[in-house]
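The exercises below are meant to be worked with the sequence and the coordinates side by side. Try each task before reading its solution.

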Amino acid sequence: MNSYCELIRFEYRKILRKRSNIITLFIAIFITLFSCVGPLMGNQYIKGEIYETNYEGMKKDREYIRSLSGREVDKSLLLETIEAYSHIPHTDGKYTDTKEYQQYARTYSEVYYLIRKAYNLNDWKEISTIVEDNVNNFYHVRQDMVEKNIEDTTMSATEKANSVNLSRKVKTPFIYSYTGGYTRFFSQMYTTAILICFICSVYIAPLFAGEYTDKMDSLILSSKYGKNKLISAKLFTGVSFSILLSIILSAVSFVTVMIFFGWEGGNSPIQLYLPLSIHPLTMGQVALMNFVLIMFGNILSAVLTMLLSAKLKSSFMVIVIMTVITISPMLVNVSEDVLWIYHLSNLIPVNMFSIGNIIDVFSIDLFGFILMPYDIMLVFAIISSIVLLPFAYRSFKNHDCA
Amino acid sequence: MELIIDRLTKQYKNKIAVDRISLTLKEGVYGLLGENGSGKTTLMRMICGVLKPTSGDVKFDGIDVSEEEYRDSLGYLPQDFGYYPEFTACDFLLYMGSLKGLTKIRAKEKASELLELVGLSDVSKKKIRTYSGGMKQRLGIAQAMLNNPKILILDEPTSGLDPKERIHFRNLISRLGKDRIVLLSTHIVSDVEYIASTILMMKDGQIILQGSLEEIIGAIEGKVFECSVDKKTAANLIANYPIINIREESDRTFLRLVADKPPCETAVVVPAILEDLYLYYFNEGATGNE
């Protein structure tokens, strides 16, 4: 056990002794910090003039929302919103640039977002068409919209029924709350996850391939533990490194975002962010789920990197292939019409990072078992990592130093 | 202590690099001689288990080359190998020590002892990337001996070393051969001549000669001649005999050659040395030998 720990320690030293790796790590932390607070930089302009800084704007919105926090999203709040929006004059420009929006409606902008999604409004002006009876039925209207969305998919009847059942478990009425920290965290985590994935590829690619290029393979493979313990130590290093990096950069993202945007909202329903979501989950639960899937997606990505590293002779080629695997799914929009292709495409690590894919409207009937997308992603990431690891192991073990 | 190589073969597509070699090695220093591409490195890699043979077996005291126990008895210095440039010599030996199953304390002791032995104690805390080729080679020899191996495979161990270092290592290897099997290949025929108890000569993937220095030199004893002849005779002799050495003198040419009987009237028989035998067998490569 001691020699195994010692070998792991040396593998970490190999990674961290490279100055370029240390610089990359600091750059990654800086990019994470910067992108967390990026939306707070710059100014809001109205008619070409600075109206407020983005930071001031965020603070103002936060105070407005906090002033409504704790209230039920009910007829009274909805009517207040409709009334507030009725003050906005019909202009050709952006309605948010009007004095009336700033004075009356801005406080209710997040409530308006719920209304817009539930009532399927294309334009803010349509808010005035919502009659009082309809306001009374907000949760019915929202549920109808959710079920319509489910019905419009190409899911099987069983899958649709499951999604509908799940959506009916969403607790109503929603308690309004400020959730800016969490919503910013959800947007930020996609960037952070891709950064983690890329850094893991750069750091892990030389784990095996580096031994070939450094011409250390023959020394290693002829040593006592070179064909067993060392390979396990390398695999452990790769997986643990991706876990550690996921934890570090996710923590940096979470703490930074919460410090700047506010810590509250963890117990609020996810529907305050995604009004038509079918999942009876809180913001905190979704944030945790997002983190877990990012971590396991990155573990899968790290295992793929190690497999390529053991197979190929060059770290550079491994990084190139992993970059293609990471970036290409972002460029391809897979249609939801052929669901099995769509679900398969969501098993690519980078697609596991998107909150939209994790808590999608879909249920998946897999050989009679009804599963949710996040279940499939998690199980796939774990199983495929476990399946691929022995291939990486064997590939290095059987490497011929010719 | 017995290393048995049984009908070991390595074939790459149409080329047979090692052709059914069978050997039994016991304690002592074995010098492997052969020109470039004769299969020496391929043979050594297979003995070290880092290259899979097409057929045949390698066993040490009944333990197969693929087993951990075999590797535990092995020390290997490859011909062409690298280091972690960011590691110090001390770090590198500690890493190799942990790979070879040494405890941290034992690895530290052994690393310190070997760094002293190879003359790198003073620079043990410097990064390897600052080392010269000779220093790296010395570090390579140190790592090969870390686990006090029973089988020591050294592929060109003295390349990159200056003459003084070479003699130092020649003596060191000679001492090591007393209680272990040492197999070394080298460019330098004199290294083998001085320290190898058994010489193995390889050509085209096969062992063509095997024995002590006296035994294998016996093959050309009485057949090595030296003569000093005019240019015309020299041209004639060069065309008809394996030439070991040519030296141009003012109006004559000095030749050292191998022949069954005196090639000319002035030729005198001289004692054969290993280099004569080597050049005799690898005559085609005499100008560009290993």
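**Exercise 1.** In what order do the four strands of the open sheet in chain B stand, and is the pairing parallel or antiparallel?

*Solution.* The model is a predicted one, and the steps below should be read with that in mind.
- Step 1: the order of the open sheet in chain B is E2-E1-E4-E5, with antiparallel pairing.
- Step 2: strand E2 (15-25) and strand E5 (63-64) of chain B each have a single partner strand, so they stand at the edges and one side of each is left without a neighbour in the sheet.

**Exercise 2.** Characterise the overall build of chain A, and then compare the helix content of two regions listed for that chain in UniProt.

*Solution.* 
- Step 1: chain A contains 18 helices and four strands, and its C-alpha atoms fill a box of roughly 80 × 55 × 35 Å along the principal axes.
- Step 2: of the 402 residues in chain A, 42% are buried; among contacts with a separation of 6 or more, 76% join residues 24 or more positions apart.
- Step 3: an unreviewed UniProt entry lists several stretches of chain A under "transmembrane region", including residues 283-308 and 315-334.
- Step 4: residues 283-308 of chain A are 100% helix, with end C-alpha atoms 37 Å apart, whereas residues 315-334 of chain A are 85% helix and 0% strand, with end C-alpha atoms 30 Å apart.

**Exercise 3.** Which residues have the most contacts inside the largest nonpolar core?

*Solution.* 
- Step 1: the largest nonpolar core has 181 residues, and those with the most contacts inside it are A:Cys200, A:Val303, A:Met306, B:Leu93, B:Ile153 and B:Val182.
- Step 2: helix H14 of chain A, residues 283-311, gives the most to this core, with 17 residues.
- Step 3: beyond its neighbours within four places in sequence, A:Cys200 is in contact with several residues, among them A:Phe241, A:Leu245, A:Asn298 and A:Ala302.
- Step 4: another core, of seven residues, lies apart from the largest one, and A:Met155, A:Ile278, A:Phe362 and A:Ile364 are among its members.

**Exercise 4.** Into which domains is chain A divided, and how many residues does each bring to the contact between them?

*Solution.* 
- Step 1: chain A is divided into domain 1 (2-39 + 177-397) and domain 2 (70-167), and the centres of these domains, taken over C-alpha atoms, are separated by 36 Å.
- Step 2: domain 1 of chain A brings 13 residues to the contact and domain 2 of chain A brings 18 residues.
- Step 3: sorted by class, the touching side of domain 1 of chain A has eight nonpolar, two polar and three charged residues.

Notes. Residues are numbered from 1 along each chain as its sequence is written. Chains are lettered from A and ligands numbered from 1 in the order in which they are written. This is a predicted model: local features need pLDDT of at least 70, side-chain atom pairs count only at pLDDT 80 or more; totals for chains, interfaces and linings use all residues. A residue is buried if 20 or more other C-beta atoms lie within 10 Å of its own, exposed if 12 or fewer, and partly exposed in between; C-beta atoms are placed from the backbone. Two residues are in contact if their C-beta atoms, placed from the backbone, lie within 7 Å. UniProt positions are given in the numbering used here, feature names are shortened, and annotations may be inferred rather than shown by experiment. Two strands pair if DSSP finds at least two bridges between them. A nonpolar core is a set of buried Ala, Val, Leu, Ile, Met, Phe, Trp, Tyr and Cys residues joined through C-beta atoms within 7 Å. Domain bounds come from an automatic or database domain assignment. Ala, Val, Leu, Ile, Met, Phe, Trp, Tyr, Cys and Pro count as nonpolar, Asp, Glu, Lys and Arg as charged, and the others, Gly among them, as polar.
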